[in-house]
Amino acid sequence: MSSEYHWDYVDLRIREKLEGYGEGTFSLESRLTFSCYQHAVVLPYKKGCCEGGVIDREGVFVKNTTVHEELQDGLYPIDDDEVRWIDNDVIFIGDLYSVYGHAITDNLKKIWFLKTKEAQEVLAKGGELIYITFHGQELASFVFRLFELAGVDISKAHHITAPTRFRQVIVPDNSLVLDGHRRYFSEEFRQAIEVIKNNAGKKKYPTYDKVYFSRTAIHQRRDYGEKNVEKAFRRHGYYIIHPEQLPLEHQIQLAANCKEFVATMGSVSHTSIFCTESSRIILLLKSNYSNGYQTMINDFAHADVTLIDTNHSLPLEFPWSGPFYMSYTKHLAKFFSCRHCDIYFFDSQWYQYLWRYLQTEVVSKLRRLKYQLTRR
């Protein structure tokens, strides 16, 4: 059963721009396997070079060993004298990322293999788990907890921070893959999410029928105006959630037990992967672009999906990076079946947003110019 989409609260021009959003199936039918690389080298992120990943003994980059599958070349020059040697077999579980949306998607895509007989045999003989991290960042505590809920203790895994050659590196296929502009999930990925949901439900927390997962407590310099949208949902009976203030298990239970789940489209809305088929997912557009992970998640949850245009964000070359300006728009008023005058230009945050937008545009143009000059 595919998700059903409702576009009544989105401008026609935006709907045309997002044409095809959510259509078709996002499940992956092919069988997952794994590859073994003798004397392969694991490269961590190196500033100014590239993301790193796994290279085989001939120096060929092993695809699907970075966060983003489209980045298929994580190779950078290394001095053989600087490469450490560890005489052991290891299982590479990924390029892990401490951003919540990626933590419940990309970070989980290789752990299916750990349940297999082959993996258990490797670990029983003293083999170890290894990983690198996106941009070399230390992992946040919620990443460790999410793996724990999935049945994997990565506190015992090794974070590779220097080029290291192993006797054998085992690289599992991804259970979440990118093909073109669409992401697909396998049955193994679904099973991992179900394990997390079941383990998160062991200790009971309060749940609510209508929840709004808000970003207003984060105070990032790229989100403006959401407070006004949040207040509107509160007035209409939605319970406001600031997820970073709650245990991970409580967040999962809130999504798994609600009838209506509301969030801005992006990392925070990815919690809806734990929603059920009876849930209604309401996605607030804070910019006029689609998030490829969320389309997959909508299909994964088989949910009823409503999109609402709640933004006056101006066009950017990379719209997903912000800044964003949200407002109580005419579309949101229509959703609530009430009248409201959207006088966002009286809001001080609109002018804070404009200043931030101009700064972003200048920096973007300077970076593009620098890149063009270095390419000559």
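## Selected residues and the parallel sheet

S337 is exposed, with a relative accessible area of 69%. This residue belongs to the loop between α9 and α10 (348-375), and although S337 is not a glycine, its phi is positive, at about 55 degrees. The model described here is a predicted one. Most residues other than glycine have a negative phi, and most peptide bonds are trans.

H302 also has a positive phi of about 55 degrees without being a glycine. It sits in the loop between α8 (292-301) and β17. H302 counts as buried because its relative accessible area is 16%, and buried means under 20%. A further backbone feature is the cis peptide bond between G322 and P323, where omega is about 15 degrees. P323 lies in the loop between β17 and β18 (324-325).

The sheet comes next. Strands of a sheet pair through backbone hydrogen bonds, either parallel or antiparallel. In this model an open sheet of 6 strands is arranged in the order β1-β17-β16-β15-β12-β14, and the pairing is parallel. The edges are formed by β1 (4-9) and β14 (239-241); each has a single partner strand, so one side of each has no neighbour in the sheet. From one strand to the next, the twist averages 20 degrees.

Within this sheet, β16 (residues 280-285) and β17 (residues 304-309) run parallel and are joined by 6 bridges. Along this pair, I281 is opposite V305 in β17, and L285 is opposite D309 in β17. On the β15 side, 5 bridges connect β15 to β16, again with parallel strands, and V262 faces I282 in β16. Of the 6 residues of β16, 5 are buried, so the strand is largely enclosed by the rest of the structure. Helix α6 (residues 226-235) lies across β12 (210-213), β14, β15 (260-264) and β16, and runs at about 170 degrees to β12.

| Residue | Partner | Distance |
|---|---|---|
| H331 | D11 | 3.1 Å |
| T271 | Y100 | 3.3 Å |
| R167 | D89 | 3.0 Å |

H331 is part of helix α9 (residues 330-335). With 10% relative accessibility, H331 counts as buried. Apart from neighbours within four places in sequence, the residues in contact with H331 are Y9, V10, D11, I308 and D309.

T271 is located in the loop between β15 and β16. Its relative accessibility is 1%, and T271 is therefore counted as buried. When neighbours within four places in sequence are set aside, T271 is in contact with Y100, I104, F213, Q251, A255 and F261.

R167 belongs to strand β9 (residues 164-172) and is partly exposed, with a relative accessible area of 32%. Not counting residues up to four places away in sequence, R167 touches Y37, Q38, H39, W85, I86, D87, N88 and D89. R167 and H236 are 69 residues apart in sequence, and their C-alpha atoms are 60 Å apart in space.

K204 lies in the loop between α5 (187-200) and β12. K204 counts as exposed at 69% relative accessibility, because exposed means over 50%. The side chain of K204 reaches the backbone oxygen of G201 at 3.0 Å. K204 and T161 are separated by 43 residues in sequence and by 39 Å in space, from C-alpha to C-alpha.

Rolling a probe the size of a water molecule over the atoms shows where empty space is left. How many cavities of 30 Å³ or more does the structure hold? The structure holds 1 such cavity. The largest cavity contains about 70 Å³ of space. Its lining is made up of N64, T65, T66, V67, I93, G94, D95, L96, D106, K109, K110 and N174.

Note on methods
Residues numbered from 1 in each chain as written. Predicted model: local features only at pLDDT ≥ 70, side-chain atom pairs only at ≥ 80, totals over all residues. Heavy atoms only, no water. Pairing = 2+ DSSP bridges. Helix = DSSP H or I, 4+ residues; strand = E, 2+ residues; numbered from the N terminus. Axes fitted to C-alpha atoms, helices over the stretch in contact; angles between N-to-C directions. Contact = heavy atoms within 4.5 Å. Buried < 20%, exposed > 50% of the residue type's maximum accessible area, 1.4 Å probe, protein only. Polar contact = N/O pair within 3.5 Å; in protein donor to acceptor, adjacent residues only side chain to side chain. 1 Å grid on protein atoms, 1.4 Å probe; cavity = no way out; pocket = protein on both sides within 12 Å on 5 of 7 lines; lining within 4 Å. Points joined across faces, edges and corners; volume = space filled by probe spheres on them.
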